[in-house]
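Biologist: I have a structure open and would like to go through it with you. Can we take it piece by piece?

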Amino acid sequence: MGLTIRDVAKAAGVSTATVSNVLNKRGKVGRKTQGLVLSTVKRLGYLPNIHARRLASRDTRTLGIIVSDIENPFFPEIIKSFLARTRQLGYEAILSDTNYDPRRTQEAASRMMAHNVSGVAIMTSEISARLIDELARRKIAVTFLDLAPARGYVSTLRIDYASGIEQSVKYLYQEGHRKIAFVAGRNLKSNVARLEAYEKYTLALGLKPGPILHGDLRFEGGLAAGLAIGQMSPRPTAVMAINDLTAVGVMKGLTSAGCRIPEDISVTGFDRTRLAEYSIPSLTTVDIHRDLLGQMAADALHELCSSKIPQGREYEIPAELIVGHSSGPAKA
């Protein structure tokens, strides 16, 4: 076992209460005794158990964040801004990922409760309302994406998916595209919202939606879809992908099938991860402000944790089309 406060007290020849008072900067301890305790702590290499101390005071100053897929570049960028903001606000942070598995989501939520976090940001759609209710019942602040209305102990971040998809569809239409394919994702609320918006806005322009291919939100799913689209006859002149990782896979599949991007076929993504900037050609995508998402999630939790009457609210996240080099005019 590691060193305890009792070990420090014994080595310094003082009481555990004296050591505690010195480390927590409370009570009246003489300068000589204080110096003795601090030098003993340094000599022994003792590290205070901050987590245990906070559990005892019921103030953990810890926030959790749960994401779907740590390998998807969308999430690390959210995590980075979340962690930066939690540090500024004086919190520790713990992370869990679910790999789109409901069982692992349950485990992640249980881990957060076991650590007695003050709040948790749920940046994934595969969590049940029952789990959210359980967290709120335990007076743990919750912030999540698009799942349900705000209420006591619960705030929500609402991303304008429909606007982002509408901008993409209208842009491609203005570039002369009349057959626009869509590579969808898993049956999660945020993905369904994007697919429904694609169908709505293509129909509004007098176009027939489709073909619609199903991906898995990962590179491999996009690659398979791109290979399939490359073999179609007649072939769509544009492809909209559910996210950037899928879009990069689509581009790889299309080029492997002999298609030039964007000369033969245009490709768009969604999320504006760093992949969009670094892919060749650079990806046309929808920016939903990942840095803002992480920061706002932390701010929303802090607001709930600091309130005497924690009533959640909705935070709106805008969407903006960013045109790269993966799209252009439809091939005549």
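Modeller: One term to begin with: buried means under 20% relative accessible area, and exposed means over 50%. Keep in mind that this is a predicted model.

Biologist: In what sense do β3 and β4 pair, and over how many bridges?

Modeller: They pair in the parallel sense, over four bridges. Gly119 has Ala141 as its bridge partner in β4, and Val120 stands opposite Val142.

Biologist: What pairs with β3 besides that?

Modeller: β1 pairs with β3, again in the parallel sense, over five bridges. Leu63 has Gly119 as its bridge partner in β3.

Biologist: Now β4 and β5: how many bridges?

Modeller: Four, with parallel pairing, and β5 covers residues 154-159. Thr143 of β4 stands opposite Ser155 in β5.

Biologist: What is the strand order of the sheet?

Modeller: The order is β2-β1-β3-β4-β5-β11, an open sheet of six strands with parallel pairing. β2 (92-97) and β11 (314-317) stand at the edges with a single partner strand each, so one side of each has no neighbour in the sheet. From one strand to the next, the twist averages 15°.

Biologist: Which strands does α6 touch?

Modeller: α6 packs on the sheet and touches β1, β2 and β3. The direction of α6 makes about 165° with that of β2. Helix α13 (residues 290-306) also packs on the sheet, touching β1, β3, β4, β5 and β11, and its direction makes about 155° with that of β4.

Biologist: Stay with α6. At what angle do the axes of α6 and α7 cross?

Modeller: They cross at roughly 0° and come within 11 Å, with α6 at residues 102-114 and α7 at residues 129-137. The two helices are therefore roughly parallel to each other.

Biologist: Which residues meet there?

Modeller: From α6, Thr105, Gln106, Ala109 and Met113 meet Arg130, Leu131, Glu134 and Leu135 from α7. The residues of this contact divide into four nonpolar, two polar and two charged.

Biologist: Pro102 is in that helix too. Is Pro102 buried or exposed?

Modeller: Pro102 has its place in α6, and at 56% relative accessibility it counts as exposed, because the cut-off for exposed is over 50%. Pro102 and Arg186 are 84 residues apart in sequence, and their C-alpha atoms are 13 Å apart in space.

Biologist: Changing topic. How many disulfides are there in the whole structure?

Modeller: A search of the whole structure finds zero.

Biologist: What about Cys259 and Cys305, how accessible are they?

Modeller: Cys259 is buried, at a relative accessible area of 4%. Cys305 is partly exposed, with a relative accessible area of 30%.

Biologist: Last one, Thr268. Where is it, and is it buried or exposed?

Modeller: Thr268 has its place in strand β9, residues 266-268. It is buried, because its relative accessible area is 1% and the cut-off is under 20%.

Biologist: What is Thr268 in contact with, leaving aside its neighbours within four places in sequence?

Modeller: Thr268 is in contact with Leu172, Val239, Met240, Ala241, Ala247, Leu283 and Thr284.

Conventions. Residues numbered from 1 in each chain as written. Predicted model: local features only at pLDDT ≥ 70, side-chain atom pairs only at ≥ 80, totals over all residues. Heavy atoms only, no water. Axes fitted to C-alpha atoms, helices over the stretch in contact; angles between N-to-C directions. Parallel < 35°, antiparallel > 145°, perpendicular 65-115°, else oblique. Contact = heavy atoms within 4.5 Å. Nonpolar A, V, L, I, M, F, W, Y, C, P; charged D, E, K, R; others polar. Disulfide = S-S within 2.5 Å. Buried < 20%, exposed > 50% of the residue type's maximum accessible area, 1.4 Å probe, protein only. Pairing = 2+ DSSP bridges.
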